Amino acid sequence: MEKILLNNNVNLIFKSAKNTPRVALTCFVNIDKQESVPGIYSILNRLFLQGTKKRTAEQIAYEIEKNGLDFYSEMKSDYWKFSLLCLKEDFEVAVEILADIMQNSTLENFEKEVVKFKGETLASLDSPTVLARDKFVEALYKEHQYGHSSVVILENIDKILPSDVWDAYNTVFKPAEKVFSVVGDIDKNEVQSVLEKHFVELSSTKRQSSIDSAKLDEKRIVKIVKDDANQAQIYQGWFVPGIKSKESAALSVLNTILGSSGLSSRLFLELRDKKGLAYTVRSMYTKARHNSDFRVYIATEPKNIKVSLEGFKIEIDKLKSELVSDKELFDAKNNIIGKIQFITETNLQQSSTFGSYEMEELGYDYLEKWLEEIKSVTSKDIMEITQKYFNDNYVLAILAPEKYLSEV
């Protein structure tokens, strides 16, 4: 695996994967400016496939299907991400289509995509779990780019003008720092030649981000009334350092111990198995550039809200006051190492992983360093980070029938 600087100043991460059937290409486009109206970047992402200067939306769809390409774009917290999977002999065709979409988009069908976005988002928010998570994120990242949740975007989407999307395309997307990542059984020189041939209009400029870290110096409680809910949805979360923090490995091990390892996690064993409180219970460590957060979640009968919150506190307090055993620590590390191996099996998974590491300034070869950091985590590290970050400055979001919320 190596990094190559293309003639348009874009970094290419390349890894040869012999005897694999398809080539994976991932392109990352940095988001370094907070959007002026929540939803601009999401709408921009939806418009990339709506036509270019030389192709209609129907022609794009036809050519993707005709050439057997797997293609999609998505917006993450810190970047736009374009992913391609194709046969080796179709690599240049696939790159040419991607280059056309990224460089020559006409951003047509703005009103149509806004209407579709509204409908799809309203439908997703019918799910109590999705609604509770959405309101939790909004409260946690209040007035920050990361807090532009579905509800926030819906509240602001009618303020977005086509000119706002064009401005984002021309001043944020096009000049932003970019990274290509390619993994497959293909010649490195061919990859470089094809990318440089078709991305002649694409530049990459490393700019100082104007997005600051979010702050949380208080307790925020959000109550979502849903009288027809059969389950209470509860999210509680704290800020932890961003993705480049040296404490990231310890937080990952903590997450595995507390609630992300399924049947063996403490929250599952104590709150579901022993106390019978949960339909679903887990913890999540969500990593991003400017902020990361650590959250716990439970779906339970509404009458169990208070005892579930007490259960969260009991398990967190144990981690603050008692060192985890050597066996529990060993099992948690092996769980993470096993998952990493599982989620980096395919060319597309590897391409996405290496490219995202480079985009986040961790270095494309960060995976091996990360594994070593995981192996070096101690029980004392777990206790110290729990004491440091699990304090009274948190966000609590609870969805339940109104009569149960009065107890919170």
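**Aromatic pairs in a predicted model**

Both Trp80 and Phe173 are buried. The model discussed here is predicted.

User: How many aromatic pairs does the structure hold?
Analyst: In this predicted model, two rings count as a pair if their centres lie within 6.5 Å. By that criterion, the number of aromatic pairs in the structure is 20.

User: Are the planes of Phe48 and Phe82 stacked or edge-to-face?
Analyst: The ring centres of Phe48 and Phe82 lie 5.2 Å apart, with 70° between the planes. Planes over 60 degrees apart count as edge-to-face. The pair of Phe48 and Phe82 is therefore edge-to-face.

User: How many residues apart in sequence are the parts that Phe48 and Phe82 tie together?
Analyst: Phe48 lies in the loop between helix H1 (40-47) and helix H2 (57-66), whereas Phe82 belongs to strand E5 (residues 79-87). Phe48 is buried, its relative accessible area being 0%, and Phe82 is buried with a relative accessible area of 0%. Because of where the two residues lie, their pair joins parts of the sequence separated by 34 residues.

User: Which helix does Trp80 in strand E5 reach through its pair with Phe173?
Analyst: Trp80 and Phe173 form an edge-to-face pair, 5.3 Å centre to centre and with 70° between the planes. This pair links distant parts of the chain, 93 residues apart. Phe173 lies in residues 162-173, that is, in helix H7.

User: Over the ring of which residue does the charged end of Lys287 sit?
Analyst: The charged end of Lys287 is 4.3 Å from the centre of the ring in question. That ring belongs to Trp370.

Methods. Residues numbered from 1 in each chain as written. Predicted model: local features only at pLDDT ≥ 70, side-chain atom pairs only at ≥ 80, totals over all residues. Heavy atoms only, no water. Phe/Tyr/Trp six-rings, centres within 6.5 Å; stacked < 30°, edge-to-face > 60°. Helix = DSSP H or I, 4+ residues; strand = E, 2+ residues; numbered from the N terminus. Buried < 20%, exposed > 50% of the residue type's maximum accessible area, 1.4 Å probe, protein only. Lys NZ or Arg CZ within 6 Å of the ring centre and 35° of its normal.
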